Amino acid sequence: MSSPARWLVLGVAVAVGVGCAPQEAQENNRTQAATRGDSLAMVAYEATGGDAWESVRFLRFDFAVERDGARGRTIRHLWDRQSGDYRIEWPTAGDTTAVVLFNVGTREGRGYLNGAEVGGDARDALLSTAYTRFINDTYWLMAPAKVFDPGVMRTYVADSSSADVEVLHLAFDGVGLTPGDQYWLRVDPTSGFVTHWTYQLQGSENRSTYAWINYKSFDLPTGSVRLAERKEAAGAARAILTDRVSLPEAVPPGVFEEPAVAMR
């Protein structure tokens with residue numbers, strides 16, 4: 001199986017995700033915006049959809065790395081944010097396709113290679129990769145919607161802010177896969193959109209910056225969810241694609257139980 005690192009996996013130090021943390025904890029975080037960092041986080045949170053996320057049950061998207069204009073391997077995601085059930089598919093070596101059906105809360109599930117279920121160490125490796133990709137890829141997609149997740153520490157960076165952009169620093173209080181990660185979100189104070197983010201991963205002194213572009217809006221009865229489908233690296237011919245996004249009202253029966261059921 002190909003290494004997840006080839007798909008640019010961050011050591012993302014975030015909680016399990018929007019909709020999976022206790023609602024009361026998220027409400028407390030959002031309503032106690034006592035600091036300037038919390039206020040800016042609220043601006044970014046509302047711009048990406050705010051409480052409209054509470055009505056989103058199913059989330060479908062693709063993740064890929066683009067280099068020199070060429071799209072690399074695509075990882076396909078489908079998430080039931082109500083139950084925590086998750087389906088992820090990706091190509092491995094040769095013509096093999098991996099499908100993992102699991103639950104993000106329990107991390108338990110099943111793995112398949114070309115439709116055949118695997119067990120033992122092979123299953124455990126697939127489940128580990130699937131969970132890491134869930135954490136990594138959803139953060140690339142929807143980090144502004146996760147700024148009030150439990151364990152996220154928010155600080156306003158006055159020295160880097162201006163009338164045109166305000167900067168929010170995110171650090172993590174012992175949560176996630178790598179709690180030493182740090183992020184700097186540049187927020188347009190007018191639109192509330194994250195225009196760029198810079199990150200420094202746990203154990204590294206290097207920082208990387210990506211522009212968040214190609215925002216797509218999804219109108220819901222409770223409001224609009226807005227997501228950037230493209231993140232372009234500064235100074236490199238590379239982009240992270242979090243695209244082909246949809247928020248379906250329903251999914252095919254058995255899609256979280258049977259690998260042969262098409263995700264769409």
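Helices (at least four residues) and strands (at least two) are DSSP runs, numbered from the N terminus. This is a predicted model. The chain holds 3 helices and 14 strands. Of its 264 residues, buried ones make up 50%. Contacts between residues 24 or more positions apart account for 52% of those with a separation of 6 or more. The points below start with the cavity, then turn to one strand and its partners, and end with three further residues.

**The cavity**

- The count comes to 1 cavity of 30 Å³ or more.
- The volume of the largest cavity is about 70 Å³.
- Its lining is made up of 14 residues. Nearest the centre of the largest cavity lie Thr48, Pro144, Val194, Tyr215 and Arg226.
- Four elements each supply at least two residues of this lining: helix H2 (36-47), helix H3 (120-142), strand E12 and strand E13 (223-233).
- E13 gives the most, with 3 residues.
- By type, the lining divides into 11 nonpolar, 2 polar and 1 charged.

**Strand E11 and its partners**

- Strand E11 covers residues 194-200. Of its 7 residues, 5 are buried, so E11 is largely enclosed by the rest of the structure.
- On one side of the pairing list is strand E10 (residues 182-187), which is antiparallel to E11 and joined to it by 6 bridges.
- Within this pair, Trp197 of E11 stands opposite Leu185.
- The hairpin of E10 and E11 has 6 residues between the strands. In this hairpin, Gly192 takes a positive phi near 85°.
- E11 also pairs with strand E12 (residues 208-220). These two run antiparallel as well, with 4 bridges between them.
- His196 has Ala211 in E12 as its bridge partner.
- A general point about strands: in a regular strand, side chains alternate between the two faces of the sheet.

**Thr198, inside E11**

- Thr198 lies in E11. Its relative accessibility is 12%, under the 20% limit, so Thr198 counts as buried.
- Its side chain makes a polar contact with the side chain of Thr209, at 2.6 Å.
- Neighbours within four places in sequence left aside, Thr198 is in contact with Gln182, Tyr183, Trp184, Arg186, Arg207, Ser208 and Thr209.
- Ala234 is 36 residues from Thr198 along the chain, and the C-alpha atoms of the two are separated by 9.8 Å.

**Asp243, in strand E14**

- Asp243 has its place in strand E14 (residues 238-246).
- Asp243 is counted as buried because its relative accessibility is 12%.
- The side chains of Asp243 and Arg71 make a polar contact at 2.8 Å.
- Beyond four places in sequence, Asp243 touches Phe61, Asp62, Arg71 and Glu229.

**Arg154, in strand E8**

- Arg154 belongs to strand E8 (residues 152-156).
- With a relative accessible area of 15%, Arg154 is buried.
- The Arg154 side chain reaches the backbone oxygen of Val147 at 2.9 Å.

**Arg81, in a loop**

- Arg81 lies in the loop between strand E3 (75-80) and strand E4 (85-91).
- Its relative accessibility is 5%, so Arg81 counts as buried.
- The side chain of Arg81 has a polar atom 3.0 Å from the backbone oxygen of Trp53.
- Leu59 is 22 residues from Arg81 along the chain. The C-alpha atoms of Leu59 and Arg81 are separated by 7.4 Å.

Technical notes: Residues are numbered from 1 along each chain as its sequence is written. This is a predicted model: local features need pLDDT of at least 70, side-chain atom pairs count only at pLDDT 80 or more; totals for chains, interfaces and linings use all residues. Side-chain values use heavy atoms; hydrogens and water are left out. Buried means under 20% relative accessible area, exposed over 50%, partly exposed in between (1.4 Å probe, protein chains only). Contact means heavy atoms within 4.5 Å. A polar contact is a pair of N or O atoms within 3.5 Å; within protein, one must be able to donate a hydrogen and the other to accept it, and residues adjacent in sequence count only if both atoms are side-chain atoms. Two strands pair if DSSP finds at least two bridges between them. On a 1 Å grid over the protein atoms alone, a cavity is a set of points where a 1.4 Å probe fits but cannot get out, and a pocket is an open set with protein on both sides within 12 Å along at least five of seven lines; lining residues have an atom within 4 Å of a point. Grid points are joined across faces, edges and corners, and a volume is the space filled by probe spheres set on the points. Ala, Val, Leu, Ile, Met, Phe, Trp, Tyr, Cys and Pro count as nonpolar, Asp, Glu, Lys and Arg as charged, and the others, Gly among them, as polar.
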